[in-house]
Amino acid sequence: MTAGPRGRAAAVASALFVWAACGSDATGTDEPPPASRPTFEVALVDPAGVAQIVPPGSISGDEIKGHAFVRFSPASIDVVAPVDMTLTRATWVGASDDYGLEFEINSRFRLRLGHIDAPRADIAALVPRTDPSSILVEVGPVLVRAGESIGRAEQGGADPVLGFDFGVYDLDAEGVGPNAERYRQTSDYTKLGSVCGFELFEASIRGSYAARFASIGGVPVPGAPCRSIDDVVARGGVAGEWFLTSHPPDATYSERFAVGLDLSGTIVRVAGIAGSIDAAVAIDPQDVVGEVCYQASGRFVFLRPTSSSTADVVAGGGACPAVFPAGEHRSYRR
(Lines give C-alpha, C1' and ligand atoms only; values in the text may rest on other atoms or scores of the structure.)
Protein backbone atom coordinates (compact mmCIF):
# COMPACT_ATOMS: atom_id res chain seq x y z
CA MET A 1 0.00 0.00 0.00
CA THR A 2 1.08 3.56 -0.62
CA ALA A 3 0.80 6.40 1.83
CA GLY A 4 -2.37 8.44 1.46
CA PRO A 5 -3.26 11.95 2.60
CA ARG A 6 -4.55 12.18 6.14
CA GLY A 7 -7.09 14.72 4.95
CA ARG A 8 -8.84 12.02 2.96
CA ALA A 9 -8.84 9.73 5.97
CA ALA A 10 -10.36 12.53 8.03
CA ALA A 11 -13.18 12.88 5.54
CA VAL A 12 -13.90 9.20 5.94
CA ALA A 13 -13.91 9.52 9.69
CA SER A 14 -16.60 12.17 9.57
CA ALA A 15 -18.93 9.51 8.20
CA LEU A 16 -17.86 6.44 10.15
CA PHE A 17 -15.58 7.31 13.03
CA VAL A 18 -14.61 10.23 15.22
CA TRP A 19 -11.09 10.73 16.39
CA ALA A 20 -8.81 13.53 17.58
CA ALA A 21 -5.08 13.97 17.65
CA CYS A 22 -3.14 16.77 19.22
CA GLY A 23 0.46 17.66 19.86
CA SER A 24 3.25 19.83 18.59
CA ASP A 25 6.71 19.39 17.19
CA ALA A 26 9.91 21.13 18.22
CA THR A 27 9.09 24.11 16.03
CA GLY A 28 5.84 24.80 17.87
CA THR A 29 3.47 23.89 15.04
CA ASP A 30 0.18 22.14 15.73
CA GLU A 31 0.93 19.13 13.53
CA PRO A 32 0.49 15.87 15.48
CA PRO A 33 3.44 13.48 15.60
CA PRO A 34 3.19 10.53 13.21
CA ALA A 35 1.18 7.66 14.67
CA SER A 36 3.05 4.38 14.84
CA ARG A 37 2.06 0.91 13.71
CA PRO A 38 0.87 -0.86 16.87
CA THR A 39 2.05 -4.18 18.23
CA PHE A 40 -0.56 -6.49 19.78
CA GLU A 41 1.01 -8.20 22.79
CA VAL A 42 -2.17 -9.87 24.06
CA ALA A 43 -4.14 -12.55 22.21
CA LEU A 44 -7.52 -11.42 20.92
CA VAL A 45 -8.94 -14.86 21.72
CA ASP A 46 -7.40 -18.05 23.06
CA PRO A 47 -5.89 -19.77 19.99
CA ALA A 48 -6.87 -23.14 21.46
CA GLY A 49 -10.52 -22.25 20.88
CA VAL A 50 -10.03 -21.11 17.28
CA ALA A 51 -11.05 -23.60 14.59
CA GLN A 52 -10.09 -21.53 11.54
CA ILE A 53 -9.10 -18.00 10.60
CA VAL A 54 -9.93 -16.62 7.16
CA PRO A 55 -7.63 -13.60 6.61
CA PRO A 56 -8.79 -10.46 4.80
CA GLY A 57 -9.09 -10.66 1.03
CA SER A 58 -11.68 -13.44 0.98
CA ILE A 59 -14.51 -13.28 -1.54
CA SER A 60 -17.80 -13.55 0.33
CA GLY A 61 -21.37 -12.52 -0.40
CA ASP A 62 -20.80 -10.08 -3.26
CA GLU A 63 -17.54 -8.41 -2.19
CA ILE A 64 -13.90 -8.78 -1.23
CA LYS A 65 -13.72 -8.59 2.53
CA GLY A 66 -11.37 -6.19 4.26
CA HIS A 67 -11.71 -8.03 7.54
CA ALA A 68 -10.93 -11.53 8.77
CA PHE A 69 -13.34 -14.22 9.93
CA VAL A 70 -12.47 -15.94 13.21
CA ARG A 71 -14.24 -19.30 13.35
CA PHE A 72 -14.33 -20.94 16.75
CA SER A 73 -15.33 -24.40 17.92
CA PRO A 74 -16.51 -23.97 21.56
CA ALA A 75 -20.05 -22.79 22.23
CA SER A 76 -18.65 -19.35 23.04
CA ILE A 77 -15.30 -17.62 23.12
CA ASP A 78 -14.02 -14.68 25.15
CA VAL A 79 -12.73 -11.69 23.18
CA VAL A 80 -10.23 -9.37 24.85
CA ALA A 81 -8.43 -6.19 23.87
CA PRO A 82 -5.11 -7.00 22.17
CA VAL A 83 -3.80 -3.47 22.83
CA ASP A 84 -4.90 -0.33 24.66
CA MET A 85 -7.68 1.21 22.60
CA THR A 86 -10.79 3.36 22.90
CA LEU A 87 -14.31 2.39 21.92
CA THR A 88 -15.79 5.29 19.94
CA ARG A 89 -18.55 3.75 17.79
CA ALA A 90 -20.86 0.78 17.99
CA THR A 91 -24.06 -0.68 16.63
CA TRP A 92 -26.62 -3.33 17.39
CA VAL A 93 -27.45 -5.51 14.39
CA GLY A 94 -31.10 -6.45 14.58
CA ALA A 95 -31.00 -9.21 11.96
CA SER A 96 -28.43 -11.24 13.89
CA ASP A 97 -29.03 -9.76 17.36
CA ASP A 98 -25.37 -9.02 17.94
CA TYR A 99 -23.04 -6.04 18.06
CA GLY A 100 -20.43 -4.29 15.95
CA LEU A 101 -17.74 -2.39 17.85
CA GLU A 102 -15.20 0.12 16.54
CA PHE A 103 -12.08 1.11 18.45
CA GLU A 104 -9.46 3.82 17.99
CA ILE A 105 -5.95 2.53 18.62
CA ASN A 106 -4.29 5.83 17.71
CA SER A 107 -4.90 8.59 15.18
CA ARG A 108 -3.93 6.25 12.37
CA PHE A 109 -5.28 2.77 13.20
CA ARG A 110 -8.79 1.49 13.83
CA LEU A 111 -9.94 -1.95 14.97
CA ARG A 112 -13.38 -3.35 14.23
CA LEU A 113 -15.17 -6.36 15.70
CA GLY A 114 -18.40 -7.76 14.29
CA HIS A 115 -20.86 -10.36 15.56
CA ILE A 116 -20.00 -9.92 19.23
CA ASP A 117 -23.03 -11.48 20.87
CA ALA A 118 -22.48 -10.45 24.46
CA PRO A 119 -20.37 -7.30 24.97
CA ARG A 120 -19.38 -6.65 28.54
CA ALA A 121 -22.15 -4.93 30.48
CA ASP A 122 -20.86 -1.35 30.47
CA ILE A 123 -20.31 -1.47 26.69
CA ALA A 124 -23.67 -3.09 25.94
CA ALA A 125 -25.43 -0.43 28.03
CA LEU A 126 -24.11 2.29 25.70
CA VAL A 127 -25.41 0.81 22.45
CA PRO A 128 -28.98 1.70 21.42
CA ARG A 129 -31.15 -1.29 20.51
CA THR A 130 -33.92 0.72 18.88
CA ASP A 131 -32.43 0.86 15.36
CA PRO A 132 -31.66 -2.54 13.79
CA SER A 133 -30.08 -1.04 10.65
CA SER A 134 -26.44 -1.67 11.64
CA ILE A 135 -25.56 2.03 11.36
CA LEU A 136 -22.66 2.90 13.62
CA VAL A 137 -23.31 5.55 16.25
CA GLU A 138 -20.97 7.40 18.57
CA VAL A 139 -20.66 5.87 22.03
CA GLY A 140 -18.43 6.46 25.01
CA PRO A 141 -15.55 6.97 24.57
CA VAL A 142 -14.55 3.95 26.66
CA LEU A 143 -10.89 3.14 27.22
CA VAL A 144 -10.24 -0.60 27.13
CA ARG A 145 -6.81 -1.69 28.29
CA ALA A 146 -4.85 -4.55 26.72
CA GLY A 147 -6.05 -7.81 28.22
CA GLU A 148 -9.40 -6.49 29.40
CA SER A 149 -12.56 -8.28 28.36
CA ILE A 150 -14.58 -6.89 25.47
CA GLY A 151 -17.25 -9.57 25.51
CA ARG A 152 -18.13 -12.97 24.08
CA ALA A 153 -18.92 -14.35 20.68
CA GLU A 154 -21.42 -17.17 21.03
CA GLN A 155 -22.71 -18.27 17.66
CA GLY A 156 -19.89 -20.66 16.80
CA GLY A 157 -21.20 -23.86 18.34
CA ALA A 158 -19.88 -26.97 16.62
CA ASP A 159 -19.99 -25.35 13.17
CA PRO A 160 -16.60 -23.74 12.35
CA VAL A 161 -18.11 -21.77 9.47
CA LEU A 162 -19.66 -19.38 11.97
CA GLY A 163 -17.68 -16.92 14.06
CA PHE A 164 -16.93 -13.23 14.44
CA ASP A 165 -15.28 -10.53 12.33
CA PHE A 166 -11.92 -8.89 13.07
CA GLY A 167 -10.68 -5.96 10.99
CA VAL A 168 -7.80 -3.51 11.31
CA TYR A 169 -7.56 -0.38 9.16
CA ASP A 170 -4.70 2.02 8.49
CA LEU A 171 -6.10 5.49 7.75
CA ASP A 172 -2.80 6.57 6.17
CA ALA A 173 -2.84 3.79 3.58
CA GLU A 174 -4.62 3.54 0.27
CA GLY A 175 -5.46 0.57 -1.87
CA VAL A 176 -3.82 0.30 -5.28
CA GLY A 177 -6.19 -2.08 -7.06
CA PRO A 178 -8.64 -1.34 -9.86
CA ASN A 179 -11.41 -0.38 -7.40
CA ALA A 180 -9.26 2.13 -5.49
CA GLU A 181 -10.59 5.24 -7.21
CA ARG A 182 -14.19 4.20 -6.54
CA TYR A 183 -13.34 3.71 -2.86
CA ARG A 184 -11.67 7.10 -2.74
CA GLN A 185 -14.81 8.68 -4.14
CA THR A 186 -16.96 6.95 -1.55
CA SER A 187 -14.41 7.52 1.25
CA ASP A 188 -14.40 3.82 2.10
CA TYR A 189 -11.25 3.33 4.13
CA THR A 190 -12.38 -0.16 5.19
CA LYS A 191 -11.40 -1.08 1.63
CA LEU A 192 -8.56 1.40 1.03
CA GLY A 193 -6.86 0.90 4.39
CA SER A 194 -7.53 -2.76 5.11
CA VAL A 195 -4.54 -4.54 6.64
CA CYS A 196 -4.16 -8.04 8.04
CA GLY A 197 -4.48 -7.52 11.78
CA PHE A 198 -2.81 -10.84 12.60
CA GLU A 199 0.50 -9.45 11.37
CA LEU A 200 0.40 -6.96 14.25
CA PHE A 201 0.53 -9.60 16.99
CA GLU A 202 3.85 -10.40 18.62
CA ALA A 203 5.57 -13.45 17.13
CA SER A 204 4.36 -16.30 19.35
CA ILE A 205 0.71 -15.24 19.15
CA ARG A 206 0.98 -14.52 15.43
CA GLY A 207 2.31 -18.01 14.80
CA SER A 208 -0.54 -19.66 16.70
CA TYR A 209 -3.09 -17.81 14.62
CA ALA A 210 -1.28 -18.38 11.30
CA ALA A 211 -1.34 -22.14 11.96
CA ARG A 212 -5.14 -21.89 11.76
CA PHE A 213 -5.42 -19.97 8.50
CA ALA A 214 -7.98 -21.32 6.04
CA SER A 215 -9.72 -20.35 2.82
CA ILE A 216 -13.24 -18.94 2.79
CA GLY A 217 -14.36 -22.41 1.67
CA GLY A 218 -12.90 -23.99 4.80
CA VAL A 219 -9.72 -25.50 3.30
CA PRO A 220 -6.90 -25.33 5.89
CA VAL A 221 -3.88 -23.34 4.66
CA PRO A 222 -1.61 -23.18 7.72
CA GLY A 223 1.15 -20.60 7.44
CA ALA A 224 -0.36 -18.98 4.34
CA PRO A 225 0.37 -15.30 3.68
CA CYS A 226 -1.72 -12.96 5.81
CA ARG A 227 -3.40 -11.20 2.90
CA SER A 228 -5.02 -7.83 2.42
CA ILE A 229 -7.41 -6.76 -0.33
CA ASP A 230 -4.47 -5.50 -2.40
CA ASP A 231 -2.96 -8.97 -2.53
CA VAL A 232 -6.09 -10.19 -4.32
CA VAL A 233 -6.58 -7.33 -6.80
CA ALA A 234 -3.40 -5.24 -7.18
CA ARG A 235 -2.29 -6.67 -10.53
CA GLY A 236 -5.67 -6.01 -12.12
CA GLY A 237 -6.87 -8.47 -14.73
CA VAL A 238 -10.54 -9.09 -13.96
CA ALA A 239 -10.02 -9.33 -10.19
CA GLY A 240 -12.00 -7.01 -7.97
CA GLU A 241 -15.53 -5.83 -7.40
CA TRP A 242 -17.84 -5.03 -10.31
CA PHE A 243 -20.99 -2.85 -10.20
CA LEU A 244 -24.03 -3.33 -12.43
CA THR A 245 -24.69 -0.50 -14.93
CA SER A 246 -26.92 -1.84 -17.71
CA HIS A 247 -30.00 -3.28 -15.97
CA PRO A 248 -31.74 -3.34 -12.60
CA PRO A 249 -30.40 -6.12 -10.37
CA ASP A 250 -32.34 -9.38 -10.32
CA ALA A 251 -32.15 -12.86 -8.82
CA THR A 252 -29.20 -13.81 -11.04
CA TYR A 253 -27.28 -10.58 -11.52
CA SER A 254 -26.64 -8.69 -8.29
CA GLU A 255 -25.90 -4.99 -8.06
CA ARG A 256 -22.31 -6.01 -7.27
CA PHE A 257 -20.21 -9.11 -7.74
CA ALA A 258 -16.61 -9.94 -6.87
CA VAL A 259 -13.91 -12.13 -8.40
CA GLY A 260 -10.70 -13.30 -6.76
CA LEU A 261 -8.38 -16.19 -5.96
CA ASP A 262 -8.89 -17.77 -2.55
CA LEU A 263 -6.20 -18.25 0.08
CA SER A 264 -5.38 -21.79 -1.08
CA GLY A 265 -4.31 -20.45 -4.47
CA THR A 266 -6.33 -23.14 -6.25
CA ILE A 267 -9.91 -21.83 -6.23
CA VAL A 268 -11.35 -18.79 -7.97
CA ARG A 269 -14.57 -17.57 -6.40
CA VAL A 270 -17.10 -15.52 -8.34
CA ALA A 271 -19.59 -14.21 -5.80
CA GLY A 272 -22.75 -12.23 -6.47
CA ILE A 273 -23.75 -13.81 -9.79
CA ALA A 274 -26.46 -16.40 -9.13
CA GLY A 275 -24.97 -16.85 -5.68
CA SER A 276 -21.37 -17.93 -6.01
CA ILE A 277 -19.23 -20.50 -7.77
CA ASP A 278 -15.83 -21.88 -6.76
CA ALA A 279 -13.86 -22.78 -9.86
CA ALA A 280 -11.02 -25.22 -9.21
CA VAL A 281 -7.59 -25.05 -10.83
CA ALA A 282 -8.54 -21.83 -12.60
CA ILE A 283 -6.39 -18.93 -13.72
CA ASP A 284 -5.86 -16.19 -11.14
CA PRO A 285 -8.23 -13.36 -12.15
CA GLN A 286 -5.30 -10.93 -11.75
CA ASP A 287 -3.52 -12.70 -14.61
CA VAL A 288 -6.43 -12.68 -17.05
CA VAL A 289 -5.88 -10.79 -20.30
CA GLY A 290 -9.09 -10.56 -22.30
CA GLU A 291 -12.17 -12.67 -21.69
CA VAL A 292 -12.43 -15.57 -19.25
CA CYS A 293 -15.04 -18.11 -18.20
CA TYR A 294 -15.21 -19.78 -14.78
CA GLN A 295 -17.33 -22.87 -14.16
CA ALA A 296 -18.30 -25.04 -11.20
CA SER A 297 -21.26 -27.04 -9.91
CA GLY A 298 -22.94 -27.13 -13.31
CA ARG A 299 -22.87 -23.35 -13.80
CA PHE A 300 -20.62 -20.83 -15.51
CA VAL A 301 -19.89 -17.10 -15.43
CA PHE A 302 -18.35 -15.66 -18.61
CA LEU A 303 -16.63 -12.25 -18.38
CA ARG A 304 -15.75 -10.22 -21.45
CA PRO A 305 -13.85 -6.99 -20.60
CA THR A 306 -14.77 -4.05 -22.82
CA SER A 307 -12.18 -1.72 -21.25
CA SER A 308 -9.92 -1.70 -18.20
CA SER A 309 -12.90 -0.74 -16.05
CA THR A 310 -15.94 -2.25 -17.82
CA ALA A 311 -17.06 -5.76 -18.73
CA ASP A 312 -20.00 -7.70 -20.11
CA VAL A 313 -21.10 -10.75 -18.12
CA VAL A 314 -23.26 -13.78 -18.88
CA ALA A 315 -24.17 -16.49 -16.38
CA GLY A 316 -25.69 -19.82 -17.38
CA GLY A 317 -26.02 -23.50 -16.71
CA GLY A 318 -23.62 -26.21 -17.81
CA ALA A 319 -20.01 -25.95 -18.89
CA CYS A 320 -18.29 -22.85 -20.20
CA PRO A 321 -19.20 -22.22 -23.84
CA ALA A 322 -16.43 -21.89 -26.41
CA VAL A 323 -17.32 -18.28 -27.18
CA PHE A 324 -19.08 -15.48 -25.33
CA PRO A 325 -22.80 -16.33 -25.54
CA ALA A 326 -24.90 -14.32 -27.94
CA GLY A 327 -28.02 -12.67 -26.62
CA GLU A 328 -28.68 -10.65 -23.50
CA HIS A 329 -25.82 -9.95 -21.17
CA ARG A 330 -25.24 -7.57 -18.28
CA SER A 331 -22.68 -4.74 -18.21
CA TYR A 332 -20.64 -3.92 -15.12
CA ARG A 333 -18.11 -1.28 -14.12
CA ARG A 334 -15.47 -1.13 -11.41
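Select Asp250 first: in this predicted model, Asp250 is partly exposed, with a relative accessible area of 35%. Asp250 sits in the loop between strand 16 (240-244) and strand 17 (253-261), while Arg330 belongs to strand 23 (residues 330-333), so the pair ties together parts that are 80 residues apart in sequence. Is Arg330 buried or exposed? Its relative accessible area is 9%, so Arg330 is buried.

Glu328 is exposed, with a relative accessible area of 58%.

Eight strands form an open sheet in the order 19-18-17-16-23-22-21-20, with antiparallel pairing. At its edges are strand 19 (276-280) and strand 20 (292-296), each pairing on one side only. From one strand to the next, the twist averages 25°.

Zoom in on strand 21 (residues 299-305) and strand 22 (residues 310-317). These two run antiparallel and are joined by seven bridges. Select Val301 to find Ala315 of strand 22 standing opposite.

The largest nonpolar core has 47 residues, and Leu113, Phe164, Phe166 and Phe198 have the most contacts inside it. A second, separate core has 25 residues, among them Val270, Val292, Val314 and Tyr332.

Move to Arg71, in strand 5 (residues 68-72). Arg71 counts as buried because its relative accessibility is 5%, under the 20% cut-off. What lies 3.0 Å from a polar atom of the Arg71 side chain? It is the backbone oxygen of Ile216. Select Gly163 as well: Arg71 and Gly163 are 92 residues apart in sequence, yet 4.2 Å apart in space from C-alpha to C-alpha.

The whole structure contains 23 salt bridges. One of them joins Glu174 and Arg184, with the closest N and O atoms 3.6 Å apart. Glu174 is in strand 14 (residues 173-174) and Arg184 in helix 3 (residues 180-185), ten residues apart. Glu174 counts as buried at 11% relative accessibility, whereas Arg184, at 23%, counts as partly exposed.

Key: Residues are numbered from 1 along each chain as its sequence is written. This is a predicted model: local features need pLDDT of at least 70, side-chain atom pairs count only at pLDDT 80 or more; totals for chains, interfaces and linings use all residues. Side-chain values use heavy atoms; hydrogens and water are left out. Helices (H or I, at least four residues) and strands (E, at least two) are DSSP runs, numbered from the N terminus. Buried means under 20% relative accessible area, exposed over 50%, partly exposed in between (1.4 Å probe, protein chains only). A polar contact is a pair of N or O atoms within 3.5 Å; within protein, one must be able to donate a hydrogen and the other to accept it, and residues adjacent in sequence count only if both atoms are side-chain atoms. Two strands pair if DSSP finds at least two bridges between them. Axes are lines fitted to C-alpha atoms, for helices over the stretch in contact, and angles run from 0 to 180 degrees between N-to-C directions. A nonpolar core is a set of buried Ala, Val, Leu, Ile, Met, Phe, Trp, Tyr and Cys residues joined through side-chain atoms within 4.5 Å. A salt bridge is a side-chain nitrogen of Lys or Arg within 4 Å of a carboxyl oxygen of Asp or Glu.
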